[in-house]
Amino acid sequence: MASYKPVVVPAVPRLGEKVTQDTLYWQGYKTPVQIKEFGAVNKIDFSPVPPYNYAVTASSRVHIYGRYSQEPIKTFSRFKDAAYCATYRDDGQLLVAGSEEGSIRLFDISGKAPLRQFDGHTKAVHVVGFLADKYRIFSGGDDYSSNLWDIPSATEIVSYTEHTDYVRCGCASKLNGDVFITGSYDHTVKVFDARAKSSVMTIEHGHPVESVLLFPSGGLLVSAGGRYVKVWDVLKGGQLLVSLKNHHKTVTCLCLNSSGQRLLSGSLDRHVKIYSTTSYKVVHSFNYATSILSLALSPEDETIVVGMTNGVLNVKHRKPEESKEKSQKKRQPAYRTYVKGRNYMPKQEDFFVSKPGKCVLRKYDKLLKGFQSSKALDAVLEPHIRLYTPEVTVAVMQELNRRGTLRSALAGRDEKQISLLLTFVTRRVIEPRFTPILVTVADMITDIYQPVLGQSAVVDKQFLRLQEAIGREIDYQEELLEVLGMMDALFATLTKKKATYLEENKSNGLTKTLDQDTCN
């Protein structure tokens, strides 16, 4: 009897993530630290001066965290209702925050009680910040107004009422101490100059604006709202440069890295996208557990902090750079008895006796060797195999199909096992490397368990999911065929027919013949 040959798992090529310099750079963070807040985190702001503490606004409190602290080192809780948008001044000494009751409070980092309180808004103040001159504060609220305040006198300088809906985001120019920008749910972004009585520029975003960001140079403005992130050229009167649509839910926050060469956007789709500011293409992305409301990056990109709707603060620190020159101890030479004869070369008169290597079979190979088809299929449906090495599961299914025992291996299963099989098939049938055999498996499962349909809600739901997955793939293939037909027609119109050598000489030969006849 011939010896058993183990199942050969084919090495099917699959697309992997392209490893770039950005991939290596943004993957260089440690395992995240999770900090639970009292409510949804609506704002995170890093202090611009060392030691780069960061302020987290959640519920009715503003917590100050150290770079590596998991507990707040300071708390401002003098709010009657929810607090919003706690922001540092450029020198890191003052902190300003809005509130649900419509007042604005100014705090000294070294104290607890508010230094100033600005009252003038009639509804919640969702956006506050300092102008570049450090002595004025801008604000925007749900009363549709954008106000400017004087810090020393705690009085209102000017109030703009040009927005027609809630003002929910804003930023100030770092170069001009009189310019600030606000974004509103009326789909507009307005640029204000404190020296003018009205806005100096209005930009139509097209969706309720959730976040705005001004580049350090002051020439480019980024607005986020709906699924779109749009970049505008302020120096050209608000000309649209590029519109990015890489999220599939509302974009809620924007951030620039320390060098200004990468733009980060967070969204309710649980993703943080990182764009290159030269090509505006996505160079990397992060995935999170729930929807993202706020995002901040520390100076030198050492820490990235993300606030989510469930009140969890996700903090990632960059791994320390390991020294390249590591002192490696030289390996001591082995005992002579271990190396004796290792380099011996056999002579012509010697007889070489080879020791047969022992072939260790895997669990599914042992079961296949014993003709236990159903148990072999169960062995490759274990979580660590079907999730991380699905090619092994598909290879065993293909071997069972070759033997003609696949149908018997699929039959006689309970509700839980059928659901597991259908989940695997639904997830993997659309992959081209697995489609041929998994289509056969899906047909067999349908034929075997069709008489028991309607007896289990779980199994019925899995069959519907399989139908939807196959239907989506068929629609996708039809669209691809349509595009292929369009491209073929386009290429056919672009191709020019070149005259052959015989066609070129044909007319010349006819001309020569006519000339000779005329001479005769």
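This is a predicted model: local features need pLDDT of at least 70, side-chain atom pairs count only at pLDDT 80 or more; totals for chains, interfaces and linings use all residues.

User: Why is Ser298 called buried?
Analyst: Buried means under 20% relative accessible area, exposed means over 50%, and partly exposed is in between (1.4 Å probe, protein chains only). Ser298 has 3% relative accessibility, so it counts as buried. Its place is the loop between β26 (292-297) and β27 (303-308). Across the protein, 43% of the 520 residues count as buried.

User: What does the side chain of Ser298 sit beside?
Analyst: A polar atom of that side chain lies 3.2 Å from the backbone nitrogen of Glu302. The backbone nitrogen of Thr303 is 2.8 Å from a polar atom of the Ser298 side chain. Leaving aside residues up to four places away in sequence, Ser298 touches Phe46 and Thr303.

User: Is Glu302 buried or exposed, and how do you know?
Analyst: Buried: its relative accessibility is 14%, and that's why it gets the label. Glu302 lies in the loop between β26 and β27. Not counting residues up to four places away in sequence, Glu302 touches Tyr29, Arg67, Tyr68, Lys316, His317 and Arg318.

User: What makes the pairing of the Glu302 and Thr303 side chains a polar contact?
Analyst: The term needs a pair of N or O atoms within 3.5 Å; within protein, one must be able to donate a hydrogen and the other to accept it, and residues adjacent in sequence count only if both atoms are side-chain atoms. The contact between these two side chains is at 2.3 Å.

User: How do you know that the length of helix α6 (residues 390-403) fits a helix?
Analyst: The expected span is 1.5 Å times one less than the number of residues. For the 14 residues of α6 that gives 20 Å, and the end C-alpha atoms are 20 Å apart, so the two agree.

User: Why is α6 called largely enclosed?
Analyst: Ten of its 14 residues are buried, so the rest of the structure largely encloses α6. Among those buried are Pro390, Val394 and Leu400. The cover includes α3 (363-369), α4 (373-379), α5 (383-386), α7 (406-410), α8 (415-428) and α9 (435-449). Just after α6, Gly404 takes a positive phi of about 85°.

User: What about α10, how does its length check out?
Analyst: Its 38 residues should span 56 Å, and the end C-alpha atoms are 56 Å apart, so that agrees. Val459, Gln462, Phe463, Leu466 and Ala469 are buried in α10, with α8 and α9 included in what covers them.

User: Why is Leu490 called partly exposed?
Analyst: Leu490 has 47% relative accessibility, so it gets that label. Leu490 is found in α10 (residues 457-494).

Note on methods: Residues are numbered from 1 along each chain as its sequence is written. Side-chain values use heavy atoms; hydrogens and water are left out. Helices (H or I, at least four residues) and strands (E, at least two) are DSSP runs, numbered from the N terminus. Contact means heavy atoms within 4.5 Å.
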